[in-house]
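I opened a new notebook page today.

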Amino acid sequence: MRSYDGQFSDNRPLKRTREEKVRLLAELKETLRSLKPHTSADLRTSINGKIKELEAELAAPPPPPRERRGPPQEQFGTGPRPPRRPRPPREF
């Protein structure tokens with residue numbers, strides 16, 4: 001089954017809350033500690049990379065609250081769409 005452009009399963013980053021990131025970081029660290037000595041080096045490198053990435057994200061300051069953010073930028077598809085043409089009056 002092929003995906004279509006803009007499908008949710010496309011290659012887009014997952015949006016996680018700060019609490020989810022902290023939980024995932026703890027799980028990854030525990031997974032790394034519990035790996036057997038014969039586990040492949042590639043798997044260890046991958047997990048270490050994810051841990052470093054999450055630590056960097058958590059070290060960054062959180063975004064400002066919505067009130068203090070800049071004015072919203074106009075995007076395609078915002079707001080109601082005007083009618084295409086006026087409708088003729090209905091006759092009963």
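I began with a definition: buried means under 20% relative accessible area, exposed means over 50%, and partly exposed lies in between (1.4 Å probe, protein chains only). I noted that this is a predicted model, in which local features need pLDDT of at least 70, side-chain atom pairs count only at pLDDT 80 or more, and totals for chains, interfaces and linings use all residues. Residues are numbered from 1 along each chain as its sequence is written, and side-chain values use heavy atoms, with hydrogens and water left out.

I wrote down how helices are set: DSSP runs of H or I, at least four residues, numbered from the N terminus.

**Entry: salt bridges**

How many salt bridges does the structure hold? I counted four. A salt bridge is a side-chain nitrogen of Lys or Arg within 4 Å of a carboxyl oxygen of Asp or Glu.

I took Lys21 and Glu57 to start with; their side chains meet in a salt bridge at 3.0 Å, N to O. Lys21 lies in helix 1 and Glu57 in helix 2, so this pair ties together parts that are 36 residues apart in sequence. Glu57 is partly exposed, at 32%.

Next I checked Glu30 and Arg33, whose closest N and O atoms are 2.8 Å apart. Both lie in helix 1, three residues apart, about one turn of the helix. Is Arg33 buried or exposed? Arg33 counts as exposed, because its relative accessibility is 59%. Glu30 is partly exposed at 42%.

Then I turned to Lys50 and Glu53, which form a salt bridge at 3.9 Å. These two lie in helix 2, again about one turn of the helix apart.

**Entry: the surface**

I found a patch of positive charge made by Arg81, Arg84, Arg85, Arg87 and Arg90. Patches take residues with over 30% relative accessible area and no salt bridge; like charges are joined within 9 Å, and nonpolar side chains (Val, Leu, Ile, Met, Phe, Trp, Tyr) within 5 Å. Arg90 lies in the segment after helix 2 (41-59). Arg90 is exposed, at 73%.

Technical notes:
Accessible areas come from the Shrake-Rupley method with a 1.4 Å probe; for residues, only the protein chains shown count as cover. Lys and Arg count as positive and Asp and Glu as negative; His and the chain ends are not counted. The place of a charge is taken as NZ of Lys, CZ of Arg, CG of Asp or CD of Glu.
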